[in-house]
Amino acid sequence: MNSARRHFLWLGFILVLTAFAAWVSLPDTTGIRLDSNNDGEPDIVLNVQQSLGLDLVGGLRVLLQAELPPGSFTVQDLQQTANNVARRVNALGVTEPTVQLQGADRLLVELPNVTDPDAAVNLIQQTALLEFIEMTGLSGDIRALEGQRLLTTEQLRIYEARRAASGDTAPPPGQVNPRTGQPFATVITGAGLQSAAAQFQNQWVIAFELTPDGTALFGPFTGANIGQPLGIVLDGILLSAPIINARLDGSGVIEGDFDEAAARQLALQLRSGALPIPLRVEGAETVGATLGQESIRLSIRAGVIGVVVILMFLVIYYRVPGIAAALALMVFILLNYAVFKLIPVTLTLAGITGFLISIGTAVDGNILIFERIKEELRASRPLDEALETGFERAWQSIRESNTSTIIICGILFLFGLTPGASIVSGFAITLALGLLINLFTAVIVTRTFLHVLVMVLRAPLEQRPFLLGV
């Protein structure tokens, strides 16, 4: 394949890709759903979503207070609670939440663009202590106990630990086993769960898988108690008590009077883990955008002006190569924004800053390429040879520079996984995506545009080196 045909094939691919990115970037684009079988279920689903952070669109701010007295839990307990809360709000569909430790016994949770504050608060607050309890010999009394609060050995253990630490914890309420007069024996807790998901099996249930440790306890117990009821207790309330029909190794289902919403919420709570520390809502407020609409409008205007100035500089200083770079930069911006909507990436001030820095890096890459081309032209190289040599020699510098910055982005992203530092992850993600896309646009898109312009304008370019910025 000759070079001219190769460049035109690349040009066609770039134009199609750019058209797709422009479609994704449109404000009204929500995605694609194709149902080729006409069965009511789409076979191809492409979701497009614009996600904005609390500082741009507002949302919900919740202050949570630990219900245990100071000294009865450690900083590690509070940190684990914050981690579990962060997992819950992420599963709610809230991207880039902020969960910060406030002093020794509080958590501050910020949820951007939350539409149902009450549901979010309830889900965050619940401890979701799941227990499978022994109910041998109680088949006739099960119906009366469903929905009632029961006292279990695990709840009693937690109570004793808190009383030893603080001395003033109220004893747990609940009915004891009417057969023995003692608390119901806990077989395993939710800590033995590996995964949980809501499923419809003639009714809504929660299918679960156990960890190896959970299986080691659950398997022998169910094998020895076939035909007996097994109580499923959540936060002290008996959900149901299905009869054990066979030994359960590794997986099973939780049955109860669930609708779809309740089943999905319970599965989410179980996946996210029980909160080591029970929390109460100290305060909750809906907040507006930190920047305000006027500030957002001015920020967008400043960004547009900055890009226009950069495009003018490239065209004025580098002439025809500058035109190729300006076109490539527009493709770069469209591709970035399309990727932000496809993933989706939550755009905050920090994320926008990372994107703007990546634009600067893209311009730097083009300048490096053009300066190498100018050096080759000043050395009296033929035009085509100067173009290829310039790109080849600049590529290594661009690759190594971007790779080193991407490594730093990876470190920042890992740091941002700490509750309260998620804004750092947003910056790292947008910057890293921009750098990766720049490797494509600076080397492939700019090269293709420049070669096509040279093929179209070869005669005037060879006669007037000024048009090449020399």
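This is a predicted model: local features need pLDDT of at least 70, side-chain atom pairs count only at pLDDT 80 or more; totals for chains, interfaces and linings use all residues.
**View 1. Arg247 and Asp249 pair up through their side chains.** The two meet in a salt bridge, with 2.7 Å from N to O. Arg247 has 45% relative accessibility, so it counts as partly exposed. Asp249, at 43%, is likewise counted as partly exposed.

**View 2. A salt bridge joins Glu376 and Arg393.** Here the N to O distance is 2.9 Å. Glu376 belongs to helix H11 and Arg393 to helix H12, so this pair ties together parts that lie 17 residues apart in sequence. Is Glu376 buried or exposed? With a relative accessible area of 5%, Glu376 is buried, while Arg393, at 44% relative accessibility, counts as partly exposed.

View 3. An α-helix has 3.6 residues a turn, so residues three or four places apart point the same way. Arg458 is partly exposed, with 27% relative accessibility. Elsewhere, salt bridges with shared partners link Glu376, Arg381, Glu385 and Arg393 into one network, and the count of salt bridges comes to 14.

**View 4. Helix H7 has buried residues covered by strands.** This helix runs over residues 212–224. Its 13 residues should span 18 Å at 1.5 Å a residue, and the 19 Å between its end C-alpha atoms agrees with that. Among its buried residues are Gly214, Phe218, Gly219 and Phe221. The cover over them includes strand E7 (130–134), strand E8 (186–189), strand E10 (204–210) and strand E11 (230–234).

**View 5. The largest nonpolar core holds 48 residues.** Leu329, Phe332, Ile373, Phe449 and Leu450 have the most contacts inside this core. Helices H1, H9, H10, H11, H12 and H13 each supply at least two of its residues. Which helix gives the largest share of this core? H10 does, with 12 residues. Another core, of 22 residues, lies apart from this one and includes Phe132, Phe208, Leu210 and Phe218.

**View 6. Phe449 and its contacts.** Leaving aside neighbours within four places in sequence, Phe449 touches Leu11, Ile14, Ala324, Leu327, Ala328 and Val331.

How values were computed: Residues are numbered from 1 along each chain as its sequence is written. Side-chain values use heavy atoms; hydrogens and water are left out. Helices (H or I, at least four residues) and strands (E, at least two) are DSSP runs, numbered from the N terminus. The expected span of a helix is 1.5 Å times one less than its number of residues. Buried means under 20% relative accessible area, exposed over 50%, partly exposed in between (1.4 Å probe, protein chains only). Contact means heavy atoms within 4.5 Å. A nonpolar core is a set of buried Ala, Val, Leu, Ile, Met, Phe, Trp, Tyr and Cys residues joined through side-chain atoms within 4.5 Å. A salt bridge is a side-chain nitrogen of Lys or Arg within 4 Å of a carboxyl oxygen of Asp or Glu.
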